[in-house]
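Welcome to this short tour! Open your viewer, get your selection tool ready, and follow along one stop at a time.

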Amino acid sequence: MSRLPVDRVLAEITEREVVDLTAALVRIPSVFRSGDPDSNERAVALSVEAWLRRQGFTVEVQEVAPGRPNVIGWIDGAEPGHTLCLEGHTDVVTEGDPAAWRHPPWSGVVEDGRLYGRGSADMKGGLAAAMVAAAAVRRAGVRLSGRLMVAALVDEEDAMLGAKHFVTTALGRAVSAAIICEPEQNELCLEQKGVFWARVTVHGRMAHGAMPYAAVNPITAAGQFLSRIPQLERRVRRGVRRSRSLGVPHVTPTITMAPVGHVAQNNVIPAAAELRLDVRLTPGLEPGHVLGAIEDLARDTERRCPGTRIAVEPVEAPRPATRVERGEAIVRALAWAVRRASGRTPVFGGVPGSTDGTILRTALGIPIVTFGPGDRLIPHQVDECVPVTQLVEAARCYALAAMRFLSRG
Ligand SMILES: [Zn+2]
């Protein structure tokens with residue numbers, strides 16, 4: 001009785017295995033807290049490593065920082081070919097106040113078809129689905145050309161150190177395409193927003209509050225600057241095509257601070273004020289263009305507020321927006337897999353934030369698709385959860401997409 005490879009692979013994926021693995025990963029807290037040697041990705045990464053080895057994967061562990069290992073597992077096909085990477089991250093954000101959760105944040109409890117816990121959607125569910133999918137392809141004995149890889153990286157929620165390290169390694173550089181398993185309610189996301197954080201420091205002159213005529217008040221200048229953010233935003237949007245999935249770019253002030261570097265007092269006009277802008281880029285908008293527009297507003301504000309000096313600088317290297325075309329082989333393979341595995345028409349979407357995929361796309365130049373289980377809005381919330389049906393569907397889609405992508409001659 002010989003069954004088709006597709007059926008053999010799908011038969012290897014059970015709800016029980018995907019749910020149990022997700023719950024096991026959720027039950028290992030992996031919030032990174034700087035300065036606490038026990039609060040990092042190590043324990044969950046070791047558990048991913050052990051699982052992959054048991055399933056017959058070759059595994060490489062890359063120590064990115066103390067207690068923070070990337071875990072890369074792979075299987076090689078009979079013939080050489082492309083390398084497909086199913087990518088996830090092992091860190092999760094803080095649980096906040098555990099008492100605010102209806103189920104304890106590290107419980108992995110299933111209730112009414114949803115698995116609860118911090119990281120269930122973002123993104124131990126997606127990672128578990130990828131692990132089971134790759135293992136299913138191996139267990140089914142499907143003939144592959146090339147390499148199927150699962151990458152569980154650290155530090156996605158902060159500086160993306162894991163992805164930045166991965167792209168410099170031999171394993172990372174050999175990747176031909178990637179599926180980023182982030183929670184996007186199993187939509188095929190071909191665009192990701194980019195981000196540019198700017199620090200705007202307004203320098204004035206410190207003086208007594210009773211004698212404002214002796215000061216150059218940086219706070220009022222900062223207010224002038226802030227009041228013209230809507231014009232800045234309009235200017236930034238000019239000439240950028242509206243993205244169907246991501247809309248338009250946004251320029252959002254997120255931090256205002258004064259004084260800077262000394263104690264706040266009622267009767268002291270401070271020497272400086274600081275603003276932070278969180279600029280979200282859509283495809284076609286370059287960070288350099290945004291920086292130029294902010295600089296222009298700074299010069300204009302200096303003219304309106306004589307005596308001030310305004311410095312603008314990026315807080316860290318900007319992450320550009322990314323876009324991948326529908327005609328890419330990995331996109332076609334995944335769209336085919338969605339139809340075949342779920343019977344539904346693929347839905348295309350966009351990622352509102354940036355992910356490890358941004359690093360893979362920009363550093364390696366490879367096509368990426370972001371696709372994974374979990375409601376797009378649920379990450380970082382209290383009562384984070386992932387629908388079990390989406391978990392299983394994601395595993396089935398990853399497995400068939402891998403088969404398809406790695407079956408080309
Ligand atoms: Zn994530």
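Start with two helices: their crossing, that of helix 10 and helix 12, is right-handed. Keep in mind as you look that this is a predicted model.

To see the pair, select residues 329-342 for helix 10 and residues 388-405 for helix 12; their axes come within 8 Å and cross at roughly 130°. An angle over 145 degrees would count as roughly antiparallel and one of 65 to 115 as roughly perpendicular; helix 10 and helix 12 are therefore oblique to each other.

Now show the side chains where the helices meet. On the helix 10 side, the contact residues include Ile330, Leu334, Trp336 and Arg340. Facing them from helix 12 are, among others, Glu393, Cys397, Leu400 and Phe405. Sorted by class, this contact has 12 nonpolar, one polar and four charged residues.

Which residues are the closest to the centre of the largest pocket? The largest pocket has a volume of about 480 Å³. Of the 20 residues that line it, select Glu156, Glu157, Gly353, Ser354 and His380, the closest to its centre. The whole lining divides into seven nonpolar, four polar and nine charged residues.

Finally, move to the second largest pocket, with a volume of about 360 Å³. It is lined by 13 residues, and those closest to its centre are Glu191, Arg244, Ser245, Arg323 and Arg326. Highlight strand 8 (188-192) and strand 16 (348-351) too, the elements that give two or more residues to this lining. Colour the lining by class and you will find three nonpolar, three polar and seven charged residues.

Key
Residues numbered from 1 in each chain as written. Predicted model: local features only at pLDDT ≥ 70, side-chain atom pairs only at ≥ 80, totals over all residues. Heavy atoms only, no water. 1 Å grid on protein atoms, 1.4 Å probe; cavity = no way out; pocket = protein on both sides within 12 Å on 5 of 7 lines; lining within 4 Å. Points joined across faces, edges and corners; volume = space filled by probe spheres on them. Nonpolar A, V, L, I, M, F, W, Y, C, P; charged D, E, K, R; others polar. Helix = DSSP H or I, 4+ residues; strand = E, 2+ residues; numbered from the N terminus. Axes fitted to C-alpha atoms, helices over the stretch in contact; angles between N-to-C directions. Parallel < 35°, antiparallel > 145°, perpendicular 65-115°, else oblique. Left-handed = near helix turned anticlockwise from the far one by under 90°. Contact = heavy atoms within 4.5 Å.
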